[in-house]
Amino acid sequence: MDIKIIAEMEKLIGKAGVLSSEEDLAVYSYDGTFEEHTPDLVVLPESTEQVSQVVKIAAKYRIPIVTRGMASGLAAASVPFSGGIVLCLTRMNHILEIDLENRVAHVEAGVVTADLQTAVEKHGLFYPPDPSSIRHSTIGGNIACNAGGPRCLKYGVTGDYVLGLTVVLADGQILKTGGKVIKDVVGYDLAALFTGSEGTLGIITEALLRLTAKPKFARTALVEYDDLADASRTVNAILSAGIVPATMELMDQTAIECIEKAMQLGLPVERAAVLLIETDGSDEEMVNREIESIAEICKKTGAQYVKVANDETDRVNLWKARRSVSPALARLSPNKLGEDITVPIQAIPEAVRRLKEISAKYGLPIVIFGHAGDGNLHPNILFDKRDPQQWAKVEKMVEEEFYVALALGGTLSGEHGVGKLKRPYIEKALGSVSIGIQKGIKQVLDPLNILNPGKVLPD
Ligand SMILES: Cc1cc2nc3c(=O)[nH]c(=O)nc-3n(C[C@H](O)[C@H](O)[C@H](O)COP(=O)(O)OP(=O)(O)OC[C@H]3O[C@@H](n4cnc5c(N)ncnc54)[C@H](O)[C@@H]3O)c2cc1C
């Protein structure tokens, strides 16, 4: 990067917030995927005003800007393939206000999601979105990807909690959209437009987030199956009975074995699949009744055993198991590639069957787990990237996974977004009319194409 531009940035942010050494740049060159590319400069602003000034300089010199939270993304969306500036918001990590009466949190984009949850729970409040990366992802990143998590089934995704945003636009203007009101239908919903835009339309610097009351009681059950298809069918049976649990998480046998090997929690490694089901609410008796009804339905749909957690330690262990699927799989093979296709609920059994067929066809394991309650599955292919033949197979398998989702009326991603990795498939998923409209939106908001170029939309 030109020394003059570095000096301009240092004057603006201070030397501590501008990184240009080879070692520092390497640290900001990757995300949660296999992809990497070194940026030319890393800038760590501390305020919306600083972000705006940085963007003005970048626009003047036509330098690409890739916004980054904690880089836990799984679509290579924060990897700076065109070089330029990585704008990392982790120093903007202040909770500015927890408005108890309106149940709204006002936060900077770099706040770690788990930190917000802990802070609001001290006041008996609840911020439900719970990506498994909760301890190493930011609110800005969650909004930019519209992150979900196990609790989406009952509580919805990140976007359902966004009331307002402060966004720095591609020319440095500061946009404030939305507010503390619950209902607001004045004009187009710009907060919704920036939610899920993966840093391609603007830089989110602050957010107003809706909070709810924290449910006082929760019951959790681990349901064991000898047939994966029975577990998938159970999901629909529970929802059809009019019960909406907080979570319904599916794990297949390989996932169970991996976690057990890593953590020794006493999981049933001989079973083909388990469902982790949690129900919550403010009335203890109702929560108890609900978990009993769920247990009965599970038995009717083929469950071999239903273990309801007796106490909080039991419950915490079950969740520890679910949250460690991803890291535990990493111990099983040198590499894993996790997707997050979504299908309509009734198509889950067929999706699982077809995914296993792909695995058999190419001779590489596909471990299946995910948020079965909302049809969002994470098929993880296990392989060794050092073997070019395996990598070639993986690329074909991923494509076939996407086609399974689309053929069943589903889509490419329920939570990780498009980034660079799913970009080749987006037109097939959305159609040319939708892509045309989206390109028009990008052109209006970022005419110089400096915000996260080469992501989401095809050329
Ligand atoms: C182990 C593991 C488990 C995961 N589990 C889940 C899960 O359950 N659910 C789920 O949804 N995701 C999950 N993810 C994916 C990832 O954690 C989420 O996508 C998360 O929202 C990314 O947040 P981040 O702060 O790390 O963003 P980054 O990875 O840094 O960025 C992601 C994208 O958002 C953009 N961006 C970041 N901050 C801003 C901002 N302030 N303004 C504008 N654009 C911005 C970036 O440019 C990039 O396009 C998981 C990842 C891992 C590694």
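**View 1. Domain 2 and domain 3.** The C-alpha centres of domain 2 and domain 3 lie 29 Å apart. Five residues from domain 2 and seven residues from domain 3 make up the contact, where two residues count as touching if their C-beta atoms, placed from the backbone, lie within 7 Å. On the side of domain 2 that touches domain 3 there are two nonpolar, one polar and two charged residues. Nonpolar means Ala, Val, Leu, Ile, Met, Phe, Trp, Tyr, Cys and Pro, charged means Asp, Glu, Lys and Arg, and the others, Gly among them, are polar. The model is predicted: local features need pLDDT of at least 70 and side-chain atom pairs count only at pLDDT 80 or more, while totals for chains, interfaces and linings use all residues. Residues are numbered from 1 along each chain as its sequence is written.

**View 2. The shell around the ligand.** Domain 1 (3-88) and domain 2 (95-213), with bounds from an automatic or database domain assignment, both give residues to this shell, so the ligand lies between them. Of its 36 residues, Gly 69, Gly 73, Gly 140, Gly 141 and Gly 199 come nearest; a residue is near if its C-beta atom, placed from the backbone, lies within 6 Å of the molecule. The shell has 13 nonpolar, 19 polar and four charged residues. Its largest share, five residues, comes from α5.

**View 3. Helix α16.** This helix (residues 432-445) has 14 residues; helices (H or I, at least four residues) and strands (E, at least two) are DSSP runs, numbered from the N terminus. Among the 14 residues of α16, the count of buried residues is one, buried meaning that 20 or more other C-beta atoms lie within 10 Å of the residue's own, with C-beta atoms placed from the backbone.

How values were computed. Expected span 1.5 Å × (residues − 1). Buried ≥ 20, exposed ≤ 12 C-beta atoms within 10 Å, placed from the backbone.
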